[in-house]
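This report describes the model shown below, beginning with a pair of helices and then turning to confidence and charged contacts.

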Amino acid sequence: MGRSLKKGPYIDEKLYERIEEWDRAIAAYEKARRKAPNEPSLLSDLGAAHRNAGEFELAVAYFKKARDADSEHWQALLNWVLIEAFDRRDPAEAQRLLDELKKRHPEIPQLDRIQTQISSLRAGA
């Protein structure tokens, strides 16, 4: 049986992600959300599933909800940076969000690599 929502990961949802069935993953996350509507990790994962389904507006909306539930939930902000940089191709907005992320969570190891990629996008823009 799966773990509780508070402990995560959400077993069914992660299974659908692994096999890239985004519609089923989204439906499973929505079902789990009924039990924990403001759980930031669940909201962030739901946003990531929408991103993978190509639904960027919905993804950002869920990342914002995750941050509203927990302003220090860095995963939601990181995923939002990735959408702005690589999906929407908006390096200025990606840089703004990355600057906020670096200020709040400089310990995240991949930030330097993401900064390099965003700088490359900005140079080519």
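## Helix packing

Are α4 and α5 roughly parallel or roughly antiparallel to each other? The axes of helix α4 (residues 56-69) and helix α5 (residues 74-87) cross at roughly 155 degrees and come within 9 Å. The two helices are therefore roughly antiparallel (an angle over 145 degrees).

On the α4 side, the contact (heavy atoms within 4.5 Å) involves Phe56, Ala59, Val60, Phe63, Lys64, Ala66 and Arg67. The residues contributed by α5 are Ala76, Leu77, Asn79, Trp80, Ile83, Glu84 and Asp87. By class, nine residues of this contact are nonpolar, one is polar and four are charged.

## Confidence

The model is predicted; local features require pLDDT of at least 70 and side-chain atom pairs 80 or more, whereas totals for chains, interfaces and linings use all residues. Residues are numbered from 1 along each chain as its sequence is written, and side-chain values use heavy atoms, without hydrogens and water.

Mean pLDDT (the predictor's confidence in each residue, from 0 to 100) is 86 for the protein, with 83% of residues at 70 or more. Over residues 1-11 pLDDT stays under 50, and the model has 14 contacts beyond four places in sequence for them.

## Salt bridges

Eight salt bridges are counted, each a side-chain nitrogen of Lys or Arg within 4 Å of a carboxyl oxygen of Asp or Glu. One joins Glu30 and Arg33 at 3.6 Å, N to O. These residues are about one helical turn apart because they lie three residues apart in helix α2 (residues 22-33).

Conventions
Axes fitted to C-alpha atoms, helices over the stretch in contact; angles between N-to-C directions. Helix = DSSP H or I, 4+ residues; strand = E, 2+ residues; numbered from the N terminus. Parallel < 35°, antiparallel > 145°, perpendicular 65-115°, else oblique. Nonpolar A, V, L, I, M, F, W, Y, C, P; charged D, E, K, R; others polar.
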